Amino acid sequence: MGDPAVSAAEVMTSAGIDVLRGIAEGRLPAAPIAATLGMGLESVEPGKVVFTLDPAEFHYNPIGSVHGGVYATILDSATGCAVHSMLPAGVGYTSLDLTVKFLRAMTTTTGRVRCTGTVTHLGGRTALAEARLTDGADRLLATATSSILVMRP
């Protein structure tokens with residue numbers, strides 16, 4: 001895991017899509033939460049990102065399945081980064097809300113999951129993004145929508 005300050009500094013001088021591509025390609029360090037949970041940034045294009053996760057027992061809640069907070073974290077990352085992919089250098093963002101719908105349980109037997117975030121609307125001060133969390137058979141595990149505050153200098 002690299003120094004997160006390196007990527008944060010890059011946000012000030014590079015477009016969001018370039019920062020995210022740098023993270024996906026390993027040229028820039030990912031956020032520490034990605035290393036903590038084992039999330040990977042698989043692909044980035046304008047308005048769309050894909051994260052991956054291999055569910056492990058350390059993600060489990062007391063009833064033997066992946067904790068809802070793990071779902072929420074990858075969904076929040078996908079919605080936020082989808083918006084970030086459309087922002088110019090020096091512009092930040094933060095989630096205003098996140099609405100998650102849990103549809104299927106996730107366990108170690110689920111295998112690698114993908115979380116695709118897309119931008120629905122990008123305005124001057126707010127954005128709206130959606131994310132879909134699916135398993136290898138493309139079964140829907142969860143969805144989310146997020147309102148995102150765009151912070152311009």
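Modeller: Gladly. Keep in mind that this is a predicted model. We start at threonine 126, which is found in strand β5.

Colleague: Is threonine 126 buried, exposed or partly exposed?

Modeller: Threonine 126 is partly exposed; its relative accessible area is 37%. The cut-offs matter here: buried means under 20%, exposed over 50%.

Colleague: Which residues does threonine 126 touch, leaving out those up to four places away in sequence?

Modeller: Threonine 126 touches Leu96, His121, Ile148 and Val150. Threonine 126 and serine 95 are 31 residues apart in sequence, yet their C-alpha atoms are 9.6 Å apart in space.

Colleague: How do I go from one strand to its sheet?

Modeller: Start with the general idea. Strands of a sheet pair through backbone hydrogen bonds, in a parallel or an antiparallel way. Now the case here. Six strands form an open sheet in the order β1-β2-β4-β5-β6-β3, and the pairing is antiparallel.

Colleague: Which strands stand at the edges?

Modeller: β1 (40-45) and β3 (92-102) do. Each has a single partner strand, so one side of each lacks a neighbour in the sheet. From one strand to the next, the twist averages 20°.

Colleague: How many bridges join β5 to β6?

Modeller: Nine bridges join that antiparallel pair. Alanine 127 has isoleucine 148 in β6 as its bridge partner.

Colleague: Which residue takes a positive phi in the hairpin of β5 and β6?

Modeller: Aspartate 138, with phi near 65°. This hairpin has five residues between the strands. The value is positive in a residue other than glycine. Aspartate 138 is exposed, with a relative accessible area of 58%.

Colleague: Now the helices. How should I read their faces?

Modeller: An α-helix has 3.6 residues a turn, so residues three or four places apart point the same way. Helix α4 (residues 68-84) has 17 residues. From first to last C-alpha, α4 reaches 24 Å, close to the 24 Å expected at 1.5 Å a residue.

Colleague: Is α4 mostly covered or mostly open?

Modeller: Mostly covered: 12 of the 17 residues in α4 are buried. Among them are Val70, Tyr71, Ile74, Leu75 and Ala78.

Colleague: Where does helix α2 lie?

Modeller: Helix α2 (residues 16-24) lies across β1 and β2. Its direction is at about 145° to β1.

Colleague: Which residues have the most contacts inside the largest nonpolar core?

Modeller: Val49, Phe51, Tyr71, Leu75, Cys115 and Leu133, in a core of 31 residues. The elements giving two or more residues to this core are α2, α3 (32-37), β1, β2, α4, β4, β5 (126-134) and β6 (140-151). α4 gives the most, with seven residues. Apart from this core lies another, of seven residues, among them Val83, Leu87, Val91 and Ala129.

Colleague: What does phenylalanine 51 touch, beyond residues up to four places away in sequence?

Modeller: Its contacts include Ile74, Ser77, Ala78 and Cys81. Phenylalanine 51 also touches Met39, Gly40, Leu41 and Glu42, along with Val113, Arg114 and Cys115.

Colleague: Last, the whole chain. In what order do the elements run from the N terminus?

Modeller: The order is α-α-α-β-β-α-β-β-β-β, which gives four helices and six strands. The radius of gyration is 15 Å, close to the 15 Å of the globule rule for 153 residues, so the chain is as compact as a globular protein of that length. The C-alpha trace spans about 45 × 30 × 25 Å along its principal axes.

Colleague: What share of the 153 residues counts as buried?

Modeller: The buried share is 41%. Contacts give one further reading. Among those with a separation of 6 or more, 64% are between residues 24 or more positions apart.

Conventions: Residues numbered from 1 in each chain as written. Predicted model: local features only at pLDDT ≥ 70, side-chain atom pairs only at ≥ 80, totals over all residues. Heavy atoms only, no water. Expected span 1.5 Å × (residues − 1). Buried < 20%, exposed > 50% of the residue type's maximum accessible area, 1.4 Å probe, protein only. Pairing = 2+ DSSP bridges. Axes fitted to C-alpha atoms, helices over the stretch in contact; angles between N-to-C directions. Contact = heavy atoms within 4.5 Å. Core = buried A, V, L, I, M, F, W, Y, C linked by side-chain atoms within 4.5 Å. Rg over C-alpha atoms; globule rule 2.2 N^0.38 Å.
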